[in-house]
Amino acid sequence: MAELLITFRETLEAALIVGILYTFVSKTGRNHLRQSIINGVLGALVASIAFAVLFQVLLGGFSGKAEEIFEGTVMILAALLLSTMIVWMARNKNVSESLENQASAVMDSNKNVSQGLFVLAFLSVFREGIETVLFLYGIYIKDGGLSFLTSSIGVLIAIFLGYAIFIQGKKVPLKTFFNVTSILLIFVAAGLVAYGIHEFEEAGLIYYPGPIWDVNPALNLDGSYPLLHEKGGIGVFAKGLFGWNGNPSAIEVMAYLLTLAGVSYMWSVAASEQATVTTDHTSMIENKCPTCFEEVDAKSTSSCSNCNTELDFS
């Protein structure tokens with residue numbers, strides 16, 4: 001389930017980036033530049049796959065204690081990146097304007113515009129690809145595997161939403177999607193931190209005092225797993241989505257709760273900040289909602305009809 005959230009969120013962000021750039025060049029009458037954006041996206045996908053392969057090769061070079069340290073480090077790093085992404089997305093409401101300004105700067109420069117847009121699209125999407133690899137690898141270590149089916153479903157849903165928004169012009173409540181997935185991903189981040197600590201305990205870097213509870217070894221009389229066992233009916237779902245551990249140490253529980261509380265607080269503060277829009281007179285696409293990118297009439301409304309974000313065109 002966690003991999004579905006990751007692939008959905010990262011693919012949706014990449015789809016929005018591509019859609020914003022594609023819409024911008026279209027509305028500025030530069031339709032011939034669309035291919036540069038497409039090429040940048042394709043190049044980013046190839047580079048992301050190459051990064052995933054190299055990452056796997058690097059992992060294969062470790063064993064024993066070194067492998068545990070490497071895996072623990074990757075999980076902590078993935079949790080930090082995931083938390084940063086969640087808070088950044090909540091705080092930065094004008095992603096559309098930022099991308100348009102970058103694209104506008106490329107077009108206004110004396111350099112090769114086609115090459116500049118290729119690089120902008122490539123770097124923007126490749127960043128999402130790197131994050132996806134790290135996040136999914138962290139989940140792979142924690143859960144002991146990944147579901148290709150659920151990962152693919154997340155990608156397909158995000159692509160469908162991107163198509164509905166930019167091609168069919170449908171009104172999609174992106175703010176709700178991002179808020180719900182952010183809350184769930186905070187639990188995923190907390191679980192990654194706790195399991196990263198667990199790897200450090202196994203490597204001997206952190207003192208391991210023993211579990212404060214243990215529901216993993218026990219089996220039912222019929223040989224099935226108890227519900228709360230990590231492989232039980234409830235436990236397997238809770239582990240994948242909320243980072244449940246059937247035999248955690250006190251340090252792991254504390255790390256989980258501190259991460260959950262800290263990231264939740266930072267996200268709530270960032271999300272509660274009033275979203276404002278400043279009209280950019282250099283942009284060809286003015287008066288957009290900063291949350292869902294819906295074009296609005298600044299003279300007749302004070303909030304976006306699609307996601308209810310408060311607007312301030314001053």
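F118 has a relative accessibility of 31% and therefore counts as partly exposed, a class that lies between buried (under 20% relative accessible area) and exposed (over 50%), computed with a 1.4 Å probe on protein chains only. The model is predicted: local features need pLDDT of at least 70, side-chain atom pairs count only at pLDDT 80 or more, and totals for chains, interfaces and linings use all residues. Residues are numbered from 1 along each chain as its sequence is written, and side-chain values use heavy atoms, without hydrogens and water.

Helices are DSSP runs of H or I with at least four residues, numbered from the N terminus. An α-helix has 3.6 residues a turn, so residues three or four places apart point the same way.

Rings of Phe, Tyr and Trp (its six-membered ring) pair if their centres lie within 6.5 Å; planes under 30 degrees apart are stacked, over 60 edge-to-face, and the rest tilted. This rule gives 9 aromatic pairs. Two stacked pairs are listed below.

| Pair | Centre to centre | Angle between planes |
|---|---|---|
| F118 and F122 | 6.2 Å | 15 degrees |
| W213 and W244 | 5.7 Å | 15 degrees |

W213 belongs to the loop between α7 (174-203) and α8 (235-242), and W244 to the loop between α8 and α9 (250-272), so their pair ties together parts 31 residues apart in sequence. W213 is partly exposed at 33% relative accessibility, as is W244 at 22%.

Elsewhere, F51, F55, F70, Y137 and Y140 form one aromatic cluster.

In α7, 21 of the 30 residues are buried, so this helix is largely enclosed by the rest of the structure. Just after α7, G204 takes a positive phi of about 85 degrees.

How values were computed: Helices (H or I, at least four residues) and strands (E, at least two) are DSSP runs, numbered from the N terminus.
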